[in-house]
Amino acid sequence: MNKIRQSWWLLSLICVWIGITYLSLKSASHATPIRINDKLGHFIAYSVFSLIALIVWRLKSYRFKTILGLVLVSYGLLMELLQGYVPGREVSGYDLLANSIGVGIGFLLFSRLRKYL
């Protein structure tokens with residue numbers, strides 16, 4: 001992958017990371033009216049997050065990718081735990097499950113689409 005394309009993927013990863021962090025930690029009083037199921041939103045966000053992370057670090061070892069998956073799932077857990085401190089928000093095991101399944105689906109998508117990315 002050329003340097004410019006790699007830079008765009010890295011910028012995309014940073015934007016997704018910032019977006020997930022912002023949406024996870026903003027107060028419920030400033031909720032964004034999203035017309036999709038909350039769990040579906042978590043699932044999609046973490047699927048995209050893990051897929052782009054794998055594209056950015058595509059040439060790394062299997063061990064690195066395993067650690068990356070654990071880091072992304074742990075990040076989802078951290079965001080859920082921090083929501084307990086945000087007014088109007090609560091910790092949800094179902095959200096964590098949706099985040100984790102999303103990470104897994106992102107890995108699956110990457111394995112199927114690797115030659116096209």
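Ser47 sits in helix 2 (residues 38-56), where helices are DSSP runs of H or I with at least four residues, strands are E runs of at least two, and both are numbered from the N terminus. This is a predicted model, in which local features need pLDDT of at least 70 and side-chain atom pairs count only at pLDDT 80 or more, while totals for chains, interfaces and linings use all residues. Residues are numbered from 1 along each chain as its sequence is written, and side-chain values use heavy atoms, with hydrogens and water left out.

**Around Ser47**

- Ser47 has a relative accessible area of 8% and is therefore buried; buried means under 20% relative accessible area, exposed over 50%, and partly exposed in between, with a 1.4 Å probe and protein chains only.
- Setting aside neighbours within four places in sequence, Ser47 is in contact with Gly102, Val103, Ile105 and Gly106, a contact being heavy atoms within 4.5 Å.

**The aromatic cluster**

- The structure holds 3 aromatic pairs. Rings of Phe, Tyr and Trp (its six-membered ring) pair if their centres lie within 6.5 Å; planes under 30 degrees apart count as stacked, over 60 as edge-to-face and the rest as tilted.
- One of these is the edge-to-face pair of Tyr46 and Phe49, at 6.0 Å centre to centre with 70 degrees between the planes.
- Tyr46 and Phe49 are both in helix 2, 3 residues apart, which is about one turn of the helix.
- Both residues are covered: Tyr46 is buried at 2% relative accessibility, and Phe49 is buried with a relative accessible area of 6%.
- Phe49 also pairs with Tyr75: the ring centres are 6.1 Å apart and the planes lie at 65 degrees, so this pair is edge-to-face too.
- That pair links distant parts of the chain, with Phe49 in helix 2 and Tyr75 in helix 3 (residues 62-83), 26 residues apart.
- Tyr75 counts as buried because its relative accessibility is 15%.
- Put together, ring pairs join Tyr46, Phe49 and Tyr75 into a cluster.

**A buried lysine**

- Helix 3 is also the place of Lys65, and this residue counts as buried at 12% relative accessibility.
- Lys65 and Leu54 are 11 residues apart in sequence, and their C-alpha atoms are 7.5 Å apart in space.
- Not counting residues up to four places away in sequence, Lys65 touches Leu54, Trp57, Arg58, Lys60, Phe107, Phe110 and Arg114.

**The chain as a whole**

- The chain has 4 helices and 0 strands, giving the pattern α-α-α-α along the sequence.
- Its radius of gyration is 15 Å, close to the 13 Å that the globule rule gives for 117 residues, so the chain is as compact as a globular protein of that length. The radius is taken over C-alpha atoms, and the rule is 2.2 Å times the number of residues to the power 0.38.
- The C-alpha trace spans about 45 × 25 × 25 Å along its principal axes.
- Of the 117 residues, 31% count as buried.
- Among contacts with a separation of 6 or more, 77% come from residues 24 or more positions apart.

**Surface and charge**

- The accessible surface comes to about 7700 Å², and 70% of it belongs to carbon and sulfur atoms. Accessible areas come from the Shrake-Rupley method with a 1.4 Å probe; for residues, only the protein chains shown count as cover.
- There are 13 positive and 4 negative side chains, and the centres of the two sets lie 22 Å apart. Lys and Arg count as positive and Asp and Glu as negative, with His and the chain ends not counted; each charge is placed at NZ of Lys, CZ of Arg, CG of Asp or CD of Glu.
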